[in-house]
Amino acid sequence: MNRVLRRSDTVICFFLLGWMLISVTSLQAQRYTLSGHIRDASNGEHLIGASIYVEELQTGTASNHYGFYSITMPAGFYQLVITYVGYTTKNLAITLDGTLQYDIELEPRREVLQPMVISGESTSENITAREMGSVRMDIRTIERIPALMGEVDVLKAIQLLPGVQSAGEGTTGFSVRGGSKDQNLVLLDEATIYNASHLLGFFSVFNNDAVKEVKLYKGDMPPRFGGRLSSVLDIQQREGNMKDFAGRGGIGTISSRLTLEGPLIKDKSSFLLAGRRSYADIFLKLSSRDELRNNRLYFYDLNTKVNLIADQKNRLFLSAYSGRDIVSLRSSEEFPPFSMGWGNNSVTLRWNHLFSPQLFSNISLIYSKYDYRLGIDDNVQGFEWVSMMDDFSFKADFVWYTSPDHTIRFGMQSTYHDFLPGYAEGRGEETIFGDLKIPGYKALQHGVYLSDDYKISEQLTILYGVRYSMFQNIGPGTIYRFDEQFLPLDSVVYGRGNIFNRYSAWEPRVNVVWQLNSKSSFKSSYNRTAQYIHLASNATIGSPLDVYLPSGPNIKPQTADQISVGYYRNFLNNTIETSIEVYYKQMDNQVDFKDHAELLLNPRIEGEVRIATGEAYGMELLVRKQTGRLTGWIGYTLSRSTRVSPWINDGKPYLSPYDRTHDISIVASYEIQDNLSASLTWVYASGAPVTFPTGRFVYGNIVAPVYSDRNAYRMPSYHRLDLGVTWDPPAKKQRGWQSSWSFSVYNAYNRHNAFVINFVRDRENPGIMEAEMIYLFPIIPAVTYNFRF
């Protein structure tokens, strides 16, 4: 039995648990609870993070992910102020002489909303928020950002935040604080999305019309999340209009989308159905050339959600997602037909239950799947290659609102993983290919957690807790054993249901907020995280052929310890927010690979792995303006990410593939008039580390390159300007039809950013090698027509 467990971790965990018990048992008696849900009055959608402030006590609370709030106070008369950005503030006077359940509806503001607003945050929320290194992004913010080919993209938007770097030109892959792309946990209604990209990474799988809220945790990861080292991207789907039938959609440059929603039972049950499809293949059918007309190239997304308020204490949610890329090439009779497809599927069933006005619970059953298939349809060269992974999860989360000063969260999650790294078989009566099956993996992953959000005084708040995680490898399975040179010795076969390996880890989390005054605060946090699922890839950008490997006898779990410190200051009556955060992250058991590793259809892929130790540190600056006609932010990141392994680079430290020394993002939107706005983004990033050939040697008729140290060079620096204009024509009130036009220009000054640099022989002098740069995108204009009814 193997464990990832430190004595210091155990001491810290028991200290935190003891403090939690002592502080909670000191609560006063004879209190009553006010609780309920906060909803949008226009459509019945629950509002996440709405603020309830009690003037007499100078304290308050916020609604959770399901719009539920609870606050326990002494009996008395109170004035409540309920606020949410984009909604009219509501003032309530209540007499609390017993337990009271009170649902609240807020009216959306009728005037045009400011374009760059972070949802659910009051003007000083960045000062008082009990988390650091986290950002909640409203969907209206994302819609105003100029996008590649006009496709509004959640993942492209978060790449504009400090500490988040793009994995490559135009791609949706991202790195957070020097971590690799598989160290980010991407959730859609609690279901894990393993490959969140379409068209080889240029567009994400998230349909903006179906998304309600996006929140990124990059520094202070709550204990309820686990399984990844660097970040959590938590995406919530919309619930559907409970008041009236409605729709929205858009016709864009490469895709169109349509969303329908409405009540099944008014004010009690609703549905949402959203679809999106690209249509490059439709235009191919117009070609006069048969070899083009028969090709297919498109992607689609389908989101659906149904929810039911059974009674005051119970509510059910059923959500599902299905998305896929389809490529089918029949170019000519000389080449056999080639096809490829990849995609995600997920289903989430959730049950909200109130055990009491102070104890809220959510029970979830979750299914998630990622697979890819490719093959050739031919009698001689025919084959099919399949890879997939399935997750089945049970999750239970509880929130105990003990008092305005204490909120206790606890819960558990258990997941069954089923990995099929690859299976290839010949197709056709005369096929030249045999069958090849890579041994699959099965595993169980568990986690339990407990945390307390404790307001010690008006100035001091601490959010602390612990997560205990466990990972079990189970049969059937075949495990290869390797010698010190990573040469295979033999293999061990384990029977079905046999638990043959186990890892576990304590993961303490602490965050402290010291509010200096109403305009400034100081925050610090410590996080320990463990990761048991690893991506086998030599590329920084995403690929549909990526293979995931579980921890096991040959691969230990990755672990990370991160310390963050930040100072937050607002100016000009909280209209301008500024912050500076510094962090240091130590990462152990980092999964890297030997030079020229063979990762696809390799039954002994674990022999290609080389374990490294990683280190990442940096500084993040943010200046943000959220009110007035001119809104937006400026972000800057100065960082370094390195690794060292005795088996790589002769044991010398080398730069991580995700190291970016400088990263700058400027995002701005200006409201020219009520129905016309302009926006721009400008980004700059240091070039990614890369290994280049530095010489060559000749052996007979063979010319072979000599390479530099690992990641000793950099690609050219990256920068780009995007522009956008949005025009909202007057609404056609008699038909309830609203529309808008979005015009955008990607890469406005036609910067040729390097995507790949190849070294080729000079045509006139074959003895000389030349560097050849390939870039992807010139100036790309786009137009999108959006509508709603």
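1. The charged end of Arg-350 sits over the ring of Phe-317, 5.6 Å from the ring centre. The criterion is CZ of Arg or NZ of Lys within 6 Å of the ring centre and within 35 degrees of the ring normal. Arg-710 is likewise placed over the ring of Tyr-654, with its charged end 5.6 Å from the centre.

2. The model is predicted: local features need pLDDT of at least 70, side-chain atom pairs count only at pLDDT 80 or more, and totals for chains, interfaces and linings use all residues. Residues are numbered from 1 along each chain as its sequence is written, and side-chain values use heavy atoms, with hydrogens and water left out.

3. There are 28 aromatic pairs, counted when ring centres of Phe, Tyr and Trp (its six-membered ring) lie within 6.5 Å; planes under 30 degrees apart are stacked, over 60 edge-to-face, and the rest tilted. Phe-471 and Tyr-532 are stacked, at 5.2 Å centre to centre and 0 degrees between the planes. Because Phe-471 belongs to strand 29 (residues 460–474) and Tyr-532 to the loop between strand 33 (520–531) and strand 34 (533–536), the pair ties together parts 61 residues apart in sequence. Strands are DSSP runs of E, at least two residues, numbered from the N terminus.

4. Both Phe-471 and Tyr-532 are buried (under 20% relative accessible area; exposed is over 50%, partly exposed in between; 1.4 Å probe, protein chains only). Trp-741 and Phe-743 also stack, at 6.3 Å and 15 degrees. Trp-741 is partly exposed at 32% relative accessibility, as is Phe-743 at 40%.

Terms used: Helix = DSSP H or I, 4+ residues; strand = E, 2+ residues; numbered from the N terminus.
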